[in-house]
Amino acid sequence: MLRLLRTAADGLISLSAIIGTLGLLTEVGVILVDVVGRALGAPLYGSQDITTMAMVILVFGGMAICDRRGGHIAVDLFEPYFPDMWNRITDILAALMGAIIFVTLAWAVNESAKLSDMLNLSTNLLRLPKSWFQNALSVFALVTAAAMLLRALELAISGRDTRKEDQI
Amino acid sequence: MSIETIGVLGIVVLFVLLTLRIPVAFAMFVVGFFGITLIDSSNSAFGLLASEAFTLGSSPQLVVIPLFILMGNVASITGMSRRLYDAAYAIIGEFRGGLASATVIGCGGFAALSGSSVASALTMGKVALGEMDRYNYNPRLSTGVVAAGGTLGILIPPSTGFVIYAILTEQSIGRLFLAGVLPGILLLLLFIVAIMLICTIRPEYGPAGPSTNLRQKTRALAGALPIIGVILLTIGGIYGGLFSPVEASAVGAGVVIIIGIVTRNLTIAQFWEAAKDSVSTTATVMLILIAAHLINPFLALSHIPDAVGAFILGFDLGAIGTLILILSIYLVLGCFLEGFAMLVLTLPIFFPIILQLGIDPIWFGVLTVLTLEMGLISPPVGINVFIVKSVAPNVSLADIFRGVLPFWGMMIVAIGILIAFPQISLILPDTMFN
């Protein structure tokens, strides 16, 4: 069962990372076109709208893979002095804490998206609705939360720590 | 419970969570969120969480972070950093300690691409340690040089440290980037002076490498030209007013990718991995920044920065004395806390004091980032030392820390010079931004 869940979670993490990476490439492309266009007297209309919204996609699309790769910074000064069991419990607690944080974030931003919808909030030039990107942020946060919850379960049940395995 | 007591309790809980190895961002989230809930209301905490996450995630200024990380990753994969080292090696490698100096120059060059100290130490470690070993360099010198040289990444622009400082203190990223150029070069030169001194006192530590003829020198230099061009284009573009820092980062990343494709040193798979890695690293940085924007209002509401400010100002040390006191606190904290986390946690407390004393925030930014660099090579946490250890498993940690010591001393000298002559930091941004 856990293996099946892990396969599904890794699939979602990969998908989220792919979308985030596409966000990054969009940023590079749009800014380059804008700079070259400006030099030729024809800057790209609304380039800042695209780059800032792509930034949301890349930042939150990357959250799940960041956790999968053990990318979060922690002060591990005392790790060698704690017993293994203690360290394992801390890892489980940290993963659970992360899951709760990301669920809270998803909920809070989703509520904010409803408000943005109601007020018709959009980007300055291209009028891209902000709620689209807020909802995307919420979905990415939920994927991250689910992946963290699964990691906590794996650590608790089998002691498996996916952060130390080959990366997806 | 008084507001001040909640503030103090929050800081205690924060340090307990950090000691327990809870990720820095998570610890700040929890303390900030519950602190605001207790002092104000849960509605404020939820509102702040939603608005800060989206506002920071879509901040136009922060676009520089993923783009410069991408530029560094691609430059590393395509071997451009190696060619920088090869050029320096061909020119000065034949002198005593020359390979070590070439490593420092290579680190400085790579720093101008990546903005990351860890990436600089790892990349140059892989490139240079083997070479120095081949020419019988003492492992203390070779590993110390790589660990210390890597720290240049956070000072020489583009620097992630400066971007974070700029966001937290609402300063101009462009000004900070320019302010880091001369101090970065100064530190690089001081590192070379340290190598020369070591090799004068202990000639066996850094024997001369093989001599190269003019043709070999020219060829090595020609190989490094594209990457030197990228550095000049990005930093020169910002200085010359051609690009904003965000545009410079995109142009730099774009040009490095194009060079990689044209020279056939970059496959699609490598490029995709570099981009994915950049996204993951950006997420790490951004989550801490978002968490910082949750904990900082909590600290402000609890009046902790005011109390600490009043306490420090109570010593009546004057502007320079207070500045040295704050930098000394950073120096001690840097031994235990990761530099980036330390910056995020302490700036809300120290920065108002700096403004109150009339100290230039750009100058303070340079000094702060330089002090953070020292934490990267200070025992027991010194992350760069561990990075070098992973590349040179046969050298003991104690030897690497001893090797780093002369360079650590040079960083103190650099801080002293920069305090005595603020113009070194301020002349470029002041000329450019009037």
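This is a predicted model: local features need pLDDT of at least 70, side-chain atom pairs count only at pLDDT 80 or more; totals for chains, interfaces and linings use all residues.
B:Arg21 is not a glycine, yet its phi is positive, at about 80°. The residue belongs to the loop between α1 (3-19) and α2 (24-39) of chain B. With 10% relative accessibility, B:Arg21 counts as buried. A further backbone feature of chain B is the peptide bond from B:Pro157 to B:Pro158, which is cis, with omega near 0°. B:Pro158 is part of the loop between α8 (139-150) and α9 of chain B.

Two packed helices are described by the angle between their axes and the distance between the axes. Helix α9 (residues 160-169) of chain B packs with helix α16 (residues 339-356) of chain B at an angle of about 30°, and the axes are 10 Å apart. The crossing of α9(B) past α16(B) is right-handed. On the α9(B) side, B:Gly161, B:Ile164, B:Tyr165, B:Leu168 and B:Thr169 take part, and they meet B:Phe340, B:Leu343, B:Val344, B:Leu347 and B:Phe351 of α16(B). This contact comprises 8 nonpolar and 2 polar residues, with no charged residues.

Another pair in chain B is formed by helix α5 (residues 80-92) and helix α11 (residues 214-239), whose axes come within 8 Å and cross at roughly 145°. Here α5(B) passes α11(B) in a left-handed crossing. Residues of α5(B) in this contact include B:Met80, B:Arg83, B:Leu84 and B:Asp86, while those of α11(B) include B:Gln216, B:Lys217, B:Ala220 and B:Leu221. By class, the contact has 10 nonpolar, 2 polar and 3 charged residues.

Beyond its neighbours within four places in sequence, B:Met28 touches B:Leu14, B:Ile288, B:Ala291, B:Ala292, B:Ile295, B:Val344 and B:Leu345.

Contacts of B:Leu70 reach into both chains. This residue is found in helix α4 (residues 64-77) of chain B, and B:Leu70 is buried, with a relative accessible area of 0%. Sequence neighbours within four places aside, B:Leu70 is in contact with A:Leu24 and A:Val28 as well as with B:Ala253, B:Ile257, B:Ala274, B:Ala275 and B:Ser278. B:Phe95 is 25 residues apart from B:Leu70 along the chain, and their C-alpha atoms are separated by 35 Å.

Finally, the cysteines. A disulfide is a covalent bond between the sulfur atoms of two cysteines. Over all chains, the structure holds 0 disulfides. B:Cys107 is in none, and the nearest cysteine sulfur, that of B:Cys199, is 16 Å away. B:Cys199 likewise has its closest cysteine sulfur in B:Cys107, and the 16 Å between them is too far for a bond. B:Cys107 counts as buried because its relative accessibility is 0%, and B:Cys199, at 3%, also counts as buried.

Terms used:
Residues are numbered from 1 along each chain as its sequence is written. Chains are lettered from A and ligands numbered from 1 in the order in which they are written. Side-chain values use heavy atoms; hydrogens and water are left out. Contact means heavy atoms within 4.5 Å. A disulfide is a pair of cysteine sulfur atoms within 2.5 Å. Buried means under 20% relative accessible area, exposed over 50%, partly exposed in between (1.4 Å probe, protein chains only). Axes are lines fitted to C-alpha atoms, for helices over the stretch in contact, and angles run from 0 to 180 degrees between N-to-C directions. Helices (H or I, at least four residues) and strands (E, at least two) are DSSP runs, numbered from the N terminus. A crossing is left-handed if the near helix is turned anticlockwise from the far one by less than a right angle, and right-handed if clockwise. Ala, Val, Leu, Ile, Met, Phe, Trp, Tyr, Cys and Pro count as nonpolar, Asp, Glu, Lys and Arg as charged, and the others, Gly among them, as polar.
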